[in-house]
Amino acid sequence: MNEERLDTRSVHCPYCNMPFELLVDASQGSHETWEDCPYCCSPIQLRIVVSPIDGELEDVLVGRDDEVL
């Protein structure tokens, strides 16, 4: 993990709609991962989008476990 490339994003759980802060490591490039909601513990699918040009975090897409992101 590269601490210089950590970014915090505010997201909402797609199940309970509670907001929470998500810590994202942009040094991994664009990728998909899973996190559990800190409130309802449901599995959240995350698509992390990082610019291939400058390596900056562009977007974080959040979805339910049965959605295709």
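**Notebook: cysteines and charged pairs**

I began with Cys13, which counts as buried at 2% relative accessibility, where buried means under 20% relative accessible area, exposed means over 50%, and partly exposed lies in between, with a 1.4 Å probe and protein chains only. I note that this is a predicted model, in which local features need pLDDT of at least 70 and side-chain atom pairs count only at pLDDT 80 or more, while totals for chains, interfaces and linings use all residues. Residues are numbered from 1 along each chain as its sequence is written, and side-chain values use heavy atoms, with hydrogens and water left out.

**Cysteines**

How many disulfides does the structure hold? I found 0 disulfides, taking a disulfide as a pair of cysteine sulfur atoms within 2.5 Å. Cys13 is in no disulfide, and the nearest cysteine sulfur to its own, that of Cys37, is 3.7 Å away. I then looked up Cys16, whose sulfur has its closest cysteine sulfur in Cys13, at 3.8 Å, which is too far for a bond. Cys16 counts as partly exposed, at 30% relative accessibility.

**Asp36**

Asp36 counts as exposed, with 52% relative accessibility. From C-alpha to C-alpha, Asp36 and Cys13 are 9.2 Å apart in space, and they are 23 residues apart in sequence. Which residues does Asp36 contact, leaving aside its neighbours within four places in sequence? I list Cys41, Ser42 and Pro43, with contact meaning heavy atoms within 4.5 Å.

**Salt bridges**

Side chains of opposite charge can pair when their charged atoms come close. I searched the whole structure and found 2 salt bridges, each being a side-chain nitrogen of Lys or Arg within 4 Å of a carboxyl oxygen of Asp or Glu. One of them joins the side chains of Asp7 and Arg9, at 3.7 Å from N to O. Asp7 is partly exposed, with a relative accessible area of 27%, and Arg9 is partly exposed as well, with 24%.

Another salt bridge is formed by Glu32 with Arg47, whose closest N and O atoms are 2.3 Å apart. Glu32 lies in strand β3 (residues 31–36) and Arg47 in strand β4 (residues 43–50), so this pair ties together parts that are 15 residues apart in sequence. I also looked up how accessible the two partners are: Glu32 counts as partly exposed at 47%, and Arg47 counts as partly exposed at 27%.

Terms used: Helices (H or I, at least four residues) and strands (E, at least two) are DSSP runs, numbered from the N terminus.
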